Amino acid sequence: MRFLSQCAGLAILSLSAGPPSLMAQQSGEEIFQQKCVACHTLNADRLVGPGLAGVMTRRDRAWVKRFIMRPDLVLGSEDSIAAGLLEEYLVPMPNFGITDAEAEALIAFLGGGGGGAAAGETAAAPDVVEPATEEQILLGQDLFQGKIRFTNGGPTCNSCHDVIHDAVIGGGVLAAELTTVFSRLGGPGVRAIIGSPPFPVMQRAYLNKALTDEEVAALVGFLQQADAEQALHQPRDYGIKLFVAGVAGTVILLGLYSLVWRRRTTGSVNQSIYDRQIKST
Amino acid sequence: MDIRSQISMVFHLDKCIGCHTCSIACKNIWTDRKGAEYMWWNNVETKPGTGYPGKWENQDIYKGGWEVTDDGIQLKGAGKPKSLTNIFHNPHMPVIDDYYEPFTYKYLDLIESPAGDDQPTARPISMITGEPMDIKMGPNWDDDLSGSPDYARNDPNLEKLSPAEKEAMFQLERMAFFYLPRICNHCLNPACVASCPSGAIYKRGEDGIVLINQEVCRGWRMCVTACPYKKTYYNWSTGKSEKCILCYPRLEAGEAPACMHSCVGRIRYLGVLLYDADQIESVASAPETDVVNRQLDMILDPFDPDVIASAKSNGVADSTIDAAQKSPAYKFVKEWNLALPLHPEFRTLPMLFYVPPLLPVMASVTKVDNKEQSEKMHPVGKYWPDSWLYDTSTEELFGTIDEARFPLQYMANLFSAGDTAQVGDRLKKLMAVRLHRRQVTVGDVSEKMVKSALDDTGLTPQSADDIYYLTSLAHFNDRFVIPAAHREQAIEMMEFAGDVKGSTGFGFKTGTAKRGA
């Protein structure tokens, strides 16, 4: 018993000593690489969200801090800057649960008071990626549907996402429909989101199950192809007919069974005796 | 010749009193378990009656046993093509209501109920669901119910009888019944073995006991359908099928099976028969009324030197041959030709034989004048207005057998596939033995009459006395001649017994117990 409670105590300790306390010690740059780089560059280039060069001069420091910590609140309020940004960039920034200390570190890194001067220089333009090969697209198609498992055991894409594509039958509806994601977010944005997901649910789903570079490239290739060829792909939607056909098939099958096994034993040989017996209830 | 040994049984139906002690002994030892409550590996039925499970002899319902087709004999309700196409739902399975829903009573309510205005009662509880239930049926629900419309008159063996014969059976003065105790027949051509898709059922080489390997059984239940005697049962708790194992652990220790050991009427005999396994297929395929005689021909004389030599070359132990020579089964079945298998037309070649019941069948009813008798009695006392005399004496030798209260045809349907001559033979022998013993002990039967009776049936006074002895006076060791099982040889085949020599017994104590305070 004592051993068990010690184990439990250790487990709780190790849990509480997990990510948050580690993050507190991270520098602004590390936090940026971890959480922001998927959507933002450090120059003026647009990725998913706006490039962040000179953001600290464009915006009020307090506003930036508030937006970093609680983007959902700012976007939900009647803040005109936030509304304008959402209109321009379409994708609302998710809440990453960034703490006060982390926000300060990020602002410092972005040039909001001391030590952030180098921000512009560290920003690297996204690599120019070669277009995906045919094999990669096919691999991405299989990975998306789970025909091939992810190396690290992450859940398949179509558990939650759908893509209009002849090869994909019935994707999930829990998360965004991804047919046009490539034209909406662009190659680097898609790659960044798949590689290090900014969305809390996706983060949790792929915690310790990160996709490999080959898998990311394959999926991006597939999504790019799906986007480019969406007009050619028209998976049929059977609607109510599918349900009706299912019911009709069941009825036909049951009828066939009762015909084939019509001489089966039904009921008990003693049924006529039981039927005449008086029941207590 | 392929001589094998079979532990065979003979049940003497004239001696069965229908006490169900055998059933209870078996139940207490083997089927007093969860999932087995409804099973009665041994059960006793009243005949005429529908038995357990209901109408089990009607293979139009249950599809058990073998049938003759163009390609020889085939299983009626199982076999490779039928089993394969029906493997996920066997369409001829008996349901629990064909047997009965097992029940017990909530006895604790009798002593634990709070004080109240009414006596507490012990409600019946289902042993399957644990819920209160209405008892609808039992394993011997038609016990002693001859003439009942639901049971006796639905006996499948009445089918080939004429309406007049049926009515005669159930006339009030003529009504009779007898008991038919049943266990697994440990057949030579077992349908259960043939039907098993998993190969879990096998007939033991050394003694012919048919067993289900519980580790191989997959619960397909084809054996339940295939056995025409409905003597394999499905255990709903373990998901495996079970059947009578002829108490083989007891047999291997030299003890009689529990049902036989406990038999109050001492109706049961057990001994070895040697038979020629090469003939099994041809005998099982023989025309219906020939099956019995051909089956008896398969059973060989254990005193014949050729048979002994052949048996030895087949690995039959000397002790087994010796047991076969002393076997009461051999005497009843072959030497005296008194016993018949139950329903040979199912073609499984059952190795449990029945001496058919003679019953108190001899009676004629004549009108007499009872006036004188009645006048002697006090009016308040017995007054007997009936003027019919129920007379059990007869002048004619075997006349009563043909005029038995049970038509011979009924007995023939049970024991000889409808051939009345074969059952008639056995009954006449029983009758001749009775006449002979009557002459010996009472002497009111003429010697000439007894002699002609014995000659008619091919018996001698000596053999009649032997039959009388084994029927009425036999000791335990006469009734059960159990061959040594030679388990030591079986063990030595698997492991070297010398390995454990010197490592068991005294002298291995690990320490001395501490004494004192």
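# A guided tour of a predicted two-chain model

Begin in chain B with strands S12(B) and S13(B), which pair in the antiparallel sense over two bridges. Please bear in mind throughout that this is a predicted model. Select B:Tyr275 and then B:Ile299: the latter, in S13(B), is the bridge partner of the former.

Select strand S1 of chain B, residues 3–12, next. To which strand is S1(B) joined by nine bridges? The partner is strand S12, residues 268–276 of chain B, and the two run antiparallel. As a landmark along this pair, find B:Ser5, which stands opposite B:Leu274 in S12(B). S1(B) also pairs with strand S15, residues 352–355 of chain B, this time in the parallel sense over four bridges. There, B:His12 stands opposite B:Val355.

Display the side chains of S1(B). In a regular strand, side chains alternate between the two faces of the sheet. Are the faces of S1(B) covered or uncovered? Both are covered: B:Ile3, B:Ser5, B:Ile7, B:Met9 and B:Phe11 are buried on one side, and B:Arg4, B:Gln6, B:Ser8, B:Val10 and B:His12 are buried on the other. Because 10 of the 10 residues of this strand are buried, S1(B) is largely enclosed by the rest of the structure.

**The nonpolar cores**

The core draws at least three residues from each of two domains of chain B: domain 1 (3–100 + 139–352) and domain 2 (355–479).

Centre the view on B:Leu273. Leaving aside neighbours within four places in sequence, B:Leu273 is in contact with B:Gln6, B:Ser8, B:Ile299, B:Ala324, B:Ser327, B:Ala329, B:Tyr330, B:Val333 and B:Met351.

**Chain B as a whole**

Of its 517 residues, 43% count as buried. Among contacts in chain B between residues at least 6 apart in sequence, 69% join residues at least 24 apart.

**Where the chains touch**

Show both chains together. Here 13 residues of chain B are in contact with 11 residues of chain A. By class, the side of chain B that touches chain A has five nonpolar, two polar and six charged residues.

**Chain A and its confidence**

Finally, colour chain A by pLDDT. The mean for this chain is 78, and 84% of its residues reach 70 or more. Which elements of chain A have the lowest and the highest mean pLDDT? Helix H9 (residues 119–122) has the lowest, at 42, and helix H14 (residues 240–260) the highest, at 93.

Two stretches of chain A deserve a separate selection. Over residues 7–24, pLDDT stays under 50, and the model has three contacts beyond four places in sequence for them. Over residues 114–126 of chain A, pLDDT also stays under 50, and the model has 21 such contacts. Where pLDDT is low, the predicted coordinates should not be read in detail.

Definitions and conventions. Residues numbered from 1 in each chain as written. Chains lettered and ligands numbered in written order. Predicted model: local features only at pLDDT ≥ 70, side-chain atom pairs only at ≥ 80, totals over all residues. Domains from an automatic or database assignment. Contact = placed C-beta atoms within 7 Å. Buried ≥ 20, exposed ≤ 12 C-beta atoms within 10 Å, placed from the backbone. Pairing = 2+ DSSP bridges. pLDDT = per-residue confidence, 0-100. Nonpolar A, V, L, I, M, F, W, Y, C, P; charged D, E, K, R; others polar.
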